[in-house]
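Colleague: Could you take a close look at the salt bridges in this one and walk me through them? I'd like to hear what pairs up, and where.

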Amino acid sequence: MVKTQIQEIDTNIYDIKNADNYDFKMQKGITKEIVEEISKQKNDPEWMREFRLKALEVYNELEMPTWGPDLSELDMDEIATYVRPKTKLNTSWDEVPDDIKKTFDRLGIPEAERKSLAGVGAQYDSEVVYHSMKEDLIKQGVIYTDMETAIRDYPDLVKQYFMKCVPVNDHKFVALHGAVWSGGSFVYVPKNVKLDFPLQSYFRLNSPESGQFEHTLIIVEEGASLHFIEGCSAPKYNKVNLHAGCVELIVKDNAYLRYSTIENWSKNMMNLNTKKAMIGKNAQVDWVTGSFGSKISMLYPLSQLNGEGAKTEYTGISFAGEGQNLDTGFKAIHNAPNTSSVVNAKSISKNGGKCTYRSLIKISPKAKGSKSSVSCESLMLDDISISDTIPVNDIQTDEVEFSHEAKIGKISDKTIFYLMSRGISEEDAKAMIVRGFAYPISKELPVEYAVEMNNLINLELEGTIG
Amino acid sequence: MSNKTINETPVRTSKSFNINNIKINEDIFSKENSDFNNVEIINNSSKVNIENNKTPINLKYGLGEELVNEVKNYANQNFKIVVDSKTSTETSMFFNFDNNNTSLIENIDITAKEDTTSTIIIKYEAIKDLECYHNGVIKLNAKKNSNVKIVILNLLSDISNNFITIDNNIEESVNVEYTIVDFGGQNTVTNYYSNVQGDFAENNLNTIYIGKEKQVIDLNYIAELYGKKSKVNIEVQGALKDKAKKNFKGTIDFKKGCKKAKGEENENCMLLSDTAKSIALPMLLCSEEDVEGAHSSSAGKVGDKELFYIMSRGFDIKEAQKLLVRANFNKILDNIKNKEIKCKVCKEIDLRLD
């Protein structure tokens, strides 16, 4: 039988490099002096300066992970942790320097903003270069701004929540983030305010041998509702870049948050990101995630279901091609009665790529009456790729309904035969199966992102199967 | 007093998930070098040779250096079993723990020659409330076209410590079936490894366990498939009551070249109290495209509807629970063809669920 050939994702629009023009680039490495200089450059308040230095101490104390992908290529002495682009924060695209604006134009951000978004933030290297939100949301008390502005204008709110959800001692790269973080978005949705259109932040890393450490803090008050989208990309360089962002989501009683992500970092990127949601009574957080880029990813969003009746859903897909090791998954901790979690994870690996689904579902003794259902499927498109499933299910009470199932394999010959018996060519049948495999995820994404994801997969299928 | 880390998973995950290994107080291992003489062997076939085992132990995984070295250096029972008959044979080895025989360190090496069919029953049983120590290695070499059934019964007391390492080498067109009944032991820790190297080879592993009071059960099952069209099926059914804790770590590893191989694992834990704890890590590792792999894992209390139905027939809740646990275990119990042994296991189930 002729082999199915599915090409790597076309990253042309993501790969366009701008000249490494910066206003300030920190020397490489991670030392107390460097952290103090970042704090000075960012004009931090004293509490933040102290926080950074404490996080650095924790970073120096913690070990590298003893599990997961090999991170030995990451040399922090070769990474610049702060790069300030040659522009200030702008509220109009016209004010953004031409080369940076063109980058975001190619990525379709201004167009999406005009068509279907309630607000947009755009980060370039270490700083947010554009932030804007619709007027009516400002009137309703919604705050959507960059983290630096939030620290200046809403210090009490930020201080109350900053790195409380994800403590700096969680793991080594969270501690690193705490020490050198820069940029990111702050969102506050007041009680009972429901946003009809999503907010979107886009993170672009242009500078070679550097890191991006943006911090996203979202607070959704009681009864409020928000859809937040984040996108990430970078052009490819020969040396390793690092992304160690942190996302903290505080979703209070009866509130709803959907957090959608398309990660399409370049294939020299180590993506060691941390995301966590604290979910209140009868509140819900849905994660929709597509992981396509990066050389190595270690990303496991965590939903902590703290309020009775809290819910979470995770819908994610990973696509690993040549030289990629995408170690992704999900964690749910049920800490209250009658909570529920639903996981639907898929992965496709090809051309020597490795996908790992790694997860934790923990149902604590307090979480009586809770339910959890986990399903993961892996599709392997050739015999040189690798696909692993490593789920941990920790059940600590009897009043639960818990089930987990996983499947691994290639495109079914029977299905191909069935489709061919209906007059569809073999190559169309195979392409249709791959599209169908990804469909449950893409249908959960906003239209523009679903299109982007389908483009990432589908366009390359055409003419390459046979 | 310090803890020793044993029974490591073949692939690590986050340390905070508390599943990569188990820590055991090292005082448990330091037993005096004692004799164990109460061994009963029932072997009706002249074609099964049982002799003193002098084969060096060579394991890919195992429970850990300390425990394996203990067997290498201090085994007080060594058996080499060679099955050399084309007719079906059944051999039983009963290790009976009593006041004079409380510590067993044994090394069993089994070779099933080509085209043989055999059943081997290994039972570890203690008199009531006897504190015992058991550390054993069972190594199986199943040669081409052989058919081997091994039944292992752990009926030790709940205050004992039970450590078993099983290592299988499975050749072409072999069918190896294990049925493990794991009931006894304050700590009962098993490391099971199968090298399914032969084409068309098949390995089925069926386990039932019951944990009660403060028992800790740690099962680490690893099957590596190398052979084309080879098959592995791991089925684990268990029940936990009181403050018992179970870790199940099941790994099916499809190695490159095992085309058309199939692997399935299913683990189900019935929780009979709200203080029992069940952790499961059913891993699928896959380096070959043309395979079918699946796993499922479930946990929860026995169904209210089923309980109600049985209780409406006049049974009290304890009896109803027992019936439901037995119903879940039955498919695995059916693999035990020796009626006497099966009957004993059923009685033990009732006793341990009382």
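Modeller: Let's start in chain B, where B:Lys123 and B:Glu125 are both buried. Keep in mind that this is a predicted model.

Next, one inside chain A. The side chains of A:Arg358 and A:Asp327 meet in a salt bridge at 2.8 Å, N to O. Here A:Arg358 sits in strand E22 (residues 354–363) and A:Asp327 in strand E20 (residues 325–334), so the bridge ties together parts of chain A that are 31 residues apart in sequence. As for burial, A:Arg358 and A:Asp327 are both buried.

Now for one that goes between chains. A:Lys410 pairs with B:Asp290 in a salt bridge, their closest N and O atoms lying 3.6 Å apart. A:Lys410 belongs to the loop between strand E25 (400–409) and helix H10 (413–421) of chain A, while B:Asp290 is in the loop between strand E19 (277–286) and strand E20 (292–300) of chain B, so this pair joins two chains. On accessibility, A:Lys410 has 25% relative accessibility and therefore counts as partly exposed, whereas B:Asp290, at 13%, counts as buried. This pair also belongs to a network: salt bridges with shared partners link A:Lys410, A:Asp413, B:Lys260 and B:Asp290.

Key
Residues are numbered from 1 along each chain as its sequence is written. Chains are lettered from A and ligands numbered from 1 in the order in which they are written. This is a predicted model: local features need pLDDT of at least 70, side-chain atom pairs count only at pLDDT 80 or more; totals for chains, interfaces and linings use all residues. Side-chain values use heavy atoms; hydrogens and water are left out. A salt bridge is a side-chain nitrogen of Lys or Arg within 4 Å of a carboxyl oxygen of Asp or Glu. Helices (H or I, at least four residues) and strands (E, at least two) are DSSP runs, numbered from the N terminus. Buried means under 20% relative accessible area, exposed over 50%, partly exposed in between (1.4 Å probe, protein chains only).
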